[in-house]
Amino acid sequence: MSDTLVIISIYLIFLLGTLVFKSRIISGPWLFLFRSFLPNWRFYHRVGPLPQIYVRYCVSQIWNEWQLIQPRAVRRYVDLFHNPENNLALAMQNLVEHLAADLRQIDNPEHIRTLVTYRLVLRFARLAAQKRCPDSTIQQYQFQLRMAPPFGVATLDAVVLESAPVNY
Amino acid sequence: MLTLPQTQYALQILLGISLLIQTLEFWRLSEPQFATGVWSWQIQKYDLGHASPWLRHYFTMIYGDRLWRLHLVLRVGLILSVLLLGFNLLNVGLLFMGTLYLLIRWRGAFNGGSDFMTIVVLTGLVVVQLAQFWVDPAVAWTAGLWYITIHAISSYFLSGAVKLFYDGWRDGRAIIAFLDGAIYGPLAADSVMRKPVVAVMCSWAFILWECSFPMVLLGADWAVVWCAIALLFHFLVFWFFGLNRFFWAWCVTFPAVIYCAGQLSLVYFGAT
């Protein structure tokens, strides 16, 4: 067997090994910002609990119903070449997933409100409320993070985080 | 089989297109990053709460609205220089640094996998440019192209293998769940994809094709066929999930994959 084939075989065995053997997860603030250097190629690998954001707002002292905010778009061929809005919507969903991950890792859930992820999601909720109610005067808004079960739909008992009402 | 100049040229054109698409999208997305936007640096700067005060001040300065837009204009100039003049240490190095600048602003990644693959390609090209100070350019290019190829093969293989280990993919339920949750979803109630037999067939087609991607190393002809299928695969990913950047980011790697496959078969079999 040639050296080349040996190298390729070792490489494939190594790749399979990374799937079988779990190593300790290394994390850190700089690693988070430079994580593109440690690519994760496990796309869509598992249907897990899906973090979803629900928003409601208060107009004239009346709160509306919780509304699910999720990325939705109209399919167009031209988006293959220029697709900023949909990519932004997907980035927003990633942000929500980061918030759910932060919530799992944080020692004291009360500290979640100090995190960048939480504050960005709060802005996202404000924007979502504004889009849904552009003409009226929103007094307050708030968001809920719910975990939709795999292959299921998030219900009210799936709430894992609720922001306090925030003045608009 | 592609020659080295053909590979370099194809890489130059495809990378130029991919980076140009990304940069124009970032230009359109400048507003959400301004002070009142969702992605305001006034909030995001606390990601650097652990850093020294001067470093935080430096990042706040470079992520000002004007410098951000100026950088995007300069980036377009660098991309045009790649398209028209080819690669050199200056344009490759600055594009690499600029990509880091963009990604830190988007908290490490804007579009996930396409960012990872763009960094992989630019890292490979930085390796090529730096290695040329010490070794023959052909050797430097071989090293850089192999770096890109190994990552491209790993991306397909790992993506397929993890699906193979998950019963939701093997029985077809996962593909329906992901399509329902996708940006264009949910699937219509009478969609053909909801038929279990269709879902299972599609799932297994993806799994087997992705897992078999290392077979591109058997020769350039195999690589061309697998890359052609990859083109269709990435188009479907765009069509169903809206991930346009993935299409271009992986297209950029195909010249390297085909070149390396050809080189390997020359060494191993003496032909393509």
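A residue counts as partly exposed when the number of other C-beta atoms within 10 Å of its own falls between the buried limit, 20 or more, and the exposed limit, 12 or fewer. The legends below describe a predicted model.

**View 1. Y44(A), a non-glycine residue with a positive phi.** The phi of Y44(A) is about 45 degrees. Y44(A) sits in the loop between α2 and β1 (50-59) of chain A. Y44(A) is partly exposed because 19 other C-beta atoms lie within 10 Å.

**View 2. Q61(A), a non-glycine residue with a positive phi.** Here phi is about 65 degrees. The loop between β1 and β2 (62-63) of chain A holds Q61(A). With 7 other C-beta atoms within 10 Å, Q61(A) is exposed.

**View 3. The contact between chain A and chain B.** Chain A contributes 47 residues and chain B 58 residues. On the side of chain A that touches chain B, at least two residues come from each of α1 (3-20), α2 (29-33), α3 (84-105) and α4 (116-132). The largest share, eight residues, belongs to α3(A). Sorted by class, this side of chain A has 30 nonpolar, nine polar and eight charged residues.

**View 4. The largest nonpolar core, of 90 residues.** The members that touch the most other members are I53(A), V55(A), V121(A), A125(A), V257(B), I258(B) and A261(B). Helix α7 (residues 137-164) of chain B gives the most to this core, 11 residues. Apart from this core lies another, of eight residues, including W169(B), A174(B), I176(B) and I207(B).

**View 5. Surroundings of A125(A).** Neighbours within four places in sequence are left aside. A125(A) is then in contact with I53(A), V55(A), Y141(A) and F143(A).

Conventions:
Residues numbered from 1 in each chain as written. Chains lettered and ligands numbered in written order. Predicted model: local features only at pLDDT ≥ 70, side-chain atom pairs only at ≥ 80, totals over all residues. Contact = placed C-beta atoms within 7 Å. Helix = DSSP H or I, 4+ residues; strand = E, 2+ residues; numbered from the N terminus. Nonpolar A, V, L, I, M, F, W, Y, C, P; charged D, E, K, R; others polar. Core = buried A, V, L, I, M, F, W, Y, C linked by C-beta atoms within 7 Å.
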